[in-house]
Amino acid sequence: MYVIKSLLALPTLKHLSRYSTYAMVLSVCIGISASTASPTTDDLNQTLSSWQQIEAQGKNQDVYFYAWGGDPQINAYLQWAAEEVDDKYNINLVHVKLSDTSEAVSRVLAEKSANNNDKGSVDLIWINGANFATMSENSLLLKQWANKMPNFALTDPYNNPAVNFDFGVPTNGMEAPWGQASLTFYYDSLSTDKPPTTLNELVNWTAQNPGRFSYPKPPDFLGMSFLKYALVMLHEKQDAKTGGNIKAQLNLPATEQNTNMILDPLWIFLDDLHPTLWRKGEQFVQTGAQMRRLVDDTELSLAFTFSAPEVPAAVQRYDLPQSIRSYAMSDGSLSNTHFVAIPYNASHPQAAQLVANFLLSPEAQAKKQTPAVWGDKTVLVQSTLSPEQQALFKTDKSHPSALPFDSIKRTISEPHPSWVDAIMQGWQTRYGVSP
C-alpha cells in the first residue's frame, strides 16, 4: 500500500496565525467579480479542454503539500488522500508538516527574493486569513486556477460568496475552498450542568466558577479566535444600544484612526474577565492542547476548539473524560472557510491542481466530514450533487461528546486579517506575561 511521506518544515522567523477561517463577504456594492460570471457553453468546453491538458501534464509527479501537522486525524486523512491520488494519477503526495502556516509563507518569500520563480519547493499549501492576505499582497500565488477546476462548480460559487472571499479579501481564483470550521465550546458535565451559551453568560459563569476557564495567550490561533469572538459580540451589543454600526469597521483594515475605537471595548471586557480566569489571569496556557489537558486534569471545566471532531477523538483516546459534551454559543459561532493554494513558483502546478480538485470531490469531502475521520464541514452545496453523491454524506449516530448536528444556529464572520496584528499587539502591551 502506498504510504504518504511526511517532512518537517524548516523553522522561519516570520510568524503569522494559522488556519483561522469564515470568508467574510465584502459589501454587496462590490458585486461579483468577473471570475465568477456565469459560464457559457463555449466557456465550459474550453475549460474542459484546458482541464484535459492539466490532467495530461499533472500525472506521474510529486506534490509537496505544506499543511499544518498538529492533528493526528487530519494527518491520517491526508494519508488516505495520498493513496487516492496515487491510484488515480500516480501522484506522490508528500505532506510537509507545519507547526504554523507562516513557515511556508516565509519559504516562498525567500525563494522569490532569490529569483527562484519556477522551481519552488512548495506545490500546495493549506492556507487562509492573514497568511493568504500576505501571499496575495506579495504576488506569491498562482492566479485564476481554482475557479476553473471541474469540482469548483459543486460549491455553487455564484450563490455562495464564502468560497470567493477569504476574511473579506477576494480570492480571485488563487485559492480552492477545502472546508469550513467554527468555534466550538466543550465542558465537563460532571462539574457544570449549565454551561454559558453567550458572551454575557460566560462573564457571569466565570465569576461564579473562578479559575475554571481560560484561553491560550496570543498569538496562538485559538486564543486569537476567542478574542475575535468576544470583540464581535461586544460591538454587536454596543451597536444595538446606540443604533450605530461601529462593528462594520471590523470588515475594513485596521488603521491608526479606528484601532482604539474598535479595541477599547475588548480591553475593558478583559480587564473584568481576567481576574476570574485560571490562575486569576496572571498566567495563560500556550496552546489548545494544553487547555485540553487542564480539562482532563479537572483544573478547567470549560474550554473550546476550532476543530469540533477533536473533542470526541480526544475522549476516545482517553485524553478527555467521558463526561465531556460539546456545544455552540447561541449568540454566534466564529466561522471561516479554509482553502488550499498554489504558490506562483510551484514546481508541479498541474499536479497540485489535480490534488486540489480531488480534495473538492464529493468522495473526498464526504469522507472528510465523517466525524470519525475528521468531521470538517464540507464546502459543497448539496443541491449541486446527484442523489448518489448526496448519499455519501449520510452518517451514523455520532459520539455523545460530539457537537450535535445543526447545533450552530448562527455564524459570525472573521474580521479583516489586519485586526489579528492589532489585537495581538494590544494584548501583549496590556497583558503579556511569562508562560
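**Notes on the sheet and a helix pair**

1. In this predicted model, Tyr187 stands opposite Leu302 in S9. Strand S8, residues 184-188, pairs with S9 in the antiparallel sense, and four bridges join the two.

2. The sheet that contains these strands is open and has three members, ordered S9-S8-S10, with antiparallel pairing. From one strand to the next, the twist averages 30°.

3. Helix H8, which covers residues 288-296, packs on the sheet and touches S8, S9 and S10. The direction of H8 makes about 150° with that of S9.

4. A separate point concerns two helices. The axes of helix H2 (residues 72-89) and helix H11 (residues 362-369) come within 11 Å and cross at roughly 165°. Because angles over 145 degrees count as roughly antiparallel, H2 is roughly antiparallel to H11. The crossing in which H2 passes H11 is right-handed.

5. Which residues make this contact? On the H2 side they are Tyr77, Trp80, Glu84 and Lys88, and H11 contributes Glu363, Ala364, Gln365, Lys367 and Lys368. By class, the residues of the contact of H2 with H11 comprise five charged, three nonpolar and one polar.

How values were computed
Residues are numbered from 1 along each chain as its sequence is written. This is a predicted model: local features need pLDDT of at least 70, side-chain atom pairs count only at pLDDT 80 or more; totals for chains, interfaces and linings use all residues. Side-chain values use heavy atoms; hydrogens and water are left out. Two strands pair if DSSP finds at least two bridges between them. Axes are lines fitted to C-alpha atoms, for helices over the stretch in contact, and angles run from 0 to 180 degrees between N-to-C directions. Contact means heavy atoms within 4.5 Å. Angles under 35 degrees count as roughly parallel, over 145 as roughly antiparallel, 65 to 115 as roughly perpendicular and the rest as oblique. A crossing is left-handed if the near helix is turned anticlockwise from the far one by less than a right angle, and right-handed if clockwise. Ala, Val, Leu, Ile, Met, Phe, Trp, Tyr, Cys and Pro count as nonpolar, Asp, Glu, Lys and Arg as charged, and the others, Gly among them, as polar.
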